[in-house]
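I keep these entries as a record of what I looked up, one topic at a time. The structure comes first, and the notes follow it.

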2 protein chains.
Amino acid sequence: MRPTVHDIAATAGVSLATVDRVLNGRPGVRQTTVDKVEAAVSLLGYVRDVTAANLARKRVYPLVFIVPGGPNSFLRNLTAEITAAAQRSSIERTVIRIETVPPFDPAALVRVLESIDPQTVSGVGLVATDTDDVTAAVNRLVEQGVPVVTLVSDLPGSQRVHYCGIDNIAAGRTAASLIGRFCTGRPGKVLVVAGSMKLSDHSERASGFAAVLEAEFPELGVIGPVETNDDADTVRQRVGMALETGPEIVAIYNLGAGNRGLIDALAQHGHRNFAVVAHEVTPHSRQALADGVFDAIINQDCGHEVRSAIRVLKARADGLDPLTAQERIRIDVFLRDNLP
Amino acid sequence: MRPTVHDIAATAGVSLATVDRVLNGRPGVRQTTVDKVEAAVSLLGYVRDVTAANLARKRVYPLVFIVPGGPNSFLRNLTAEITAAAQRSSIERTVIRIETVPPFDPAALVRVLESIDPQTVSGVGLVATDTDDVTAAVNRLVEQGVPVVTLVSDLPGSQRVHYCGIDNIAAGRTAASLIGRFCTGRPGKVLVVAGSMKLSDHSERASGFAAVLEAEFPELGVIGPVETNDDADTVRQRVGMALETGPEIVAIYNLGAGNRGLIDALAQHGHRNFAVVAHEVTPHSRQALADGVFDAIINQDCGHEVRSAIRVLKARADGLDPLTAQERIRIDVFLRDNLP
DNA sequence: CTGTTAGCGCATTCAA
DNA sequence: TTGAATGCGCTAACAG
């Protein structure tokens, strides 16, 4: 039977209220009494029953998630996962609000961040654009005591308490290994397509990719990255142009969104045995993988990311830090055969 | 504010005790009263606060895990994860007992299963050998009302309530795709090494592998599977012999354990550019991947498996079924670059 | 068949 | 600076 506050009170020779004050670090207790209580705690090996505490306190965790809008399948899926989590709110004692902002608009992000009331919000998650104003706004919030986590794309220089997403440098390296192996010695160029180098996830993938390609597959060179703002039409145009004018292209790595455009361009071109690696499983990319148009998809499970973000935010709101092992988001590599 | 039992009692015009009886399906309530209460429940959209219920009931979940002993790194890691979960017992209201049995010994498994008291145990997890006696013992337990889940290796014909592990057919298919792509048209044989075809995970991997190889890479044939009982020494010997006598071997797929033996055999042989795919990240296999001896590792996260098993078992013990989406165990594909 | 009452482990008024 | 008493949402005796 694990010890309770009653046991602590008894062995320390004080009342429940005093035990509670010490446990929660509230003022108004003489140092000698504090010591007595703490002695009893460590003697009995007391650990607080968080569920009982939350019950007594009627604790709820008001959380805000800020997600870019727009047609991006992956982000829509992310939003859906947040909505699903919101549905489970009553059982998880959370109150989740989703704020949609225009994509690629740091100023809008900042505006929402600044509108957040530190008194009534116990945690914030956002898909960040890596710019100074956003970093500053995040830092301000953290300094006001509101834990902030980044989702999908990190804010490396900021005070955010956690990043819920994959290691994008490793993801880029993985893409390079796959493409290098799939080409097996055939010399040529790899066309790299990105959304925006202002997104830290995109720039990290690009650098990891280039590093491995240069070091391990010197027979392959890089064209790009060409930036498309994650717009499918732009992807289609830019890839189409590149394929026309660059007959030496043997592989394509799309490290951003807009896979639909890539698929269209490839179809128009009557694809000529390119090795193609892209990111994120969506209806389109899944079909392309099944059809053999894509050779591999690198994916992050945004359901995991959302659930992890919520766990981390709740834990930090209670002043404790969560099990990091459980919170690592994996780089999924999907071939046609292990698609879930 | 979400409704409580008090609200139900008030709108149904009955007492708390009656509400409780209806909610928990206890007998001794007139049908008309039951209806009244249920009407109130659905009217107010009541959902029970499980944490409060567990608090009041002093609920604990006594769980038994049955794991094969022996030197197998993966299984030792699995055991470690169960132990880690047991450490969190007090907070998760579980009481976890680990039973170690000799590996490849169905009779021992059956003996432990039969020793389990349905009155005092609320759930069982086991790494199963796919034999009739084990299936029968599992079915008996389930019929006695004890939920049983399989870990790592399933018992397809049984009444087990859930399987916590990867889709092994897909895993085998994935291995075949990787090996096929890595060999790129070079004809030859693939040596397939397994522990025992009595393990459903091994036999499923073998069949998935063979299917894809045959359909998509006809230039590659299969040698094996050779069975090693997951013993590293046996693996070393059998692989060594095969490499001596089979100069046409261009790739190796070890779908079982004993990677250490494989690594040794390859080293002795002065490895001649084989494509090598193995299962499970362990200290040895990780090193082999880093050294370029292995080309890919297919992995299952046994920490996830254990935590999933516990969630499922707890949920079933309470008569509810868990979110399946969250409980799917993924097939991890690790290259040198995305090793965690 | 139904209701009253006393807790589960903890937090929090309100007095002392 | 400390303690007694009440309640969070739910379950479980024990009465009626």
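**Contact of the two chains.** I looked up the contact between chain A and chain B and found 27 residues from chain A and 26 residues from chain B; two residues are in contact if their C-beta atoms, placed from the backbone, lie within 7 Å. On the side of chain A that touches chain B, α4, α6 (89-92), α9 (168-183) and β11 (332-334) each supply at least two residues. Of that side, α9(A) gives the most, with six residues. By class, I noted twelve nonpolar, seven polar and eight charged residues on the side of chain A that touches chain B. For these classes, Ala, Val, Leu, Ile, Met, Phe, Trp, Tyr, Cys and Pro count as nonpolar, Asp, Glu, Lys and Arg as charged, and the others, Gly among them, as polar. Helices (H or I, at least four residues) and strands (E, at least two) are DSSP runs, numbered from the N terminus.

**Basis of the model.** I record that this is a predicted model, in which local features need pLDDT of at least 70 and side-chain atom pairs count only at pLDDT 80 or more, while totals for chains, interfaces and linings use all residues. Residues are numbered from 1 along each chain as its sequence is written, and chains are lettered from A and ligands numbered from 1 in the order in which they are written.

**Domains.** I found domain 1 (5-48), domain 2 (58-165 + 302-329) and domain 3 (168-299) in the domain assignment of chain A; such bounds come from an automatic or database assignment. Taken over C-alpha atoms, the centres of domain 1 of chain A and domain 2 of chain A are 35 Å apart.

**DNA strand C.** I counted a residue as near if its C-beta atom, placed from the backbone, lies within 6 Å of the molecule or strand. Around DNA strand C there are 26 residues, of which T4(A), A53(A), A56(A), A17(B) and A56(B) come nearest. The surface near DNA strand C takes its largest share, five residues, from α4(A). It divides into 14 nonpolar, six polar and six charged residues.

**Helices α1 and α3 of chain A.** I found that the axes of α1 (residues 5-12) and α3 (residues 31-44) of chain A come within 9 Å and cross at roughly 125 degrees. Axes are lines fitted to C-alpha atoms, for helices over the stretch in contact, and angles run from 0 to 180 degrees between N-to-C directions. α1(A) and α3(A) are therefore oblique to each other; angles under 35 degrees count as roughly parallel, over 145 as roughly antiparallel, 65 to 115 as roughly perpendicular and the rest as oblique. In this contact, D7(A), I8(A), T11(A) and A12(A) of α1(A) meet K36(A), V37(A), A40(A), V41(A), L43(A) and L44(A) of α3(A).

**Backbone details.** I noted a cis peptide bond from G224(A) to P225(A), with omega near 0 degrees. P225(A) lies in strand β7 (residues 220-227) of chain A. In chain B, a cis peptide bond joins G224(B) and P225(B), with omega about 5 degrees. D230(A), a residue other than glycine, has a positive phi, near 60 degrees. I located D230(A) in the loop between β7 and α11 (232-245) of chain A.
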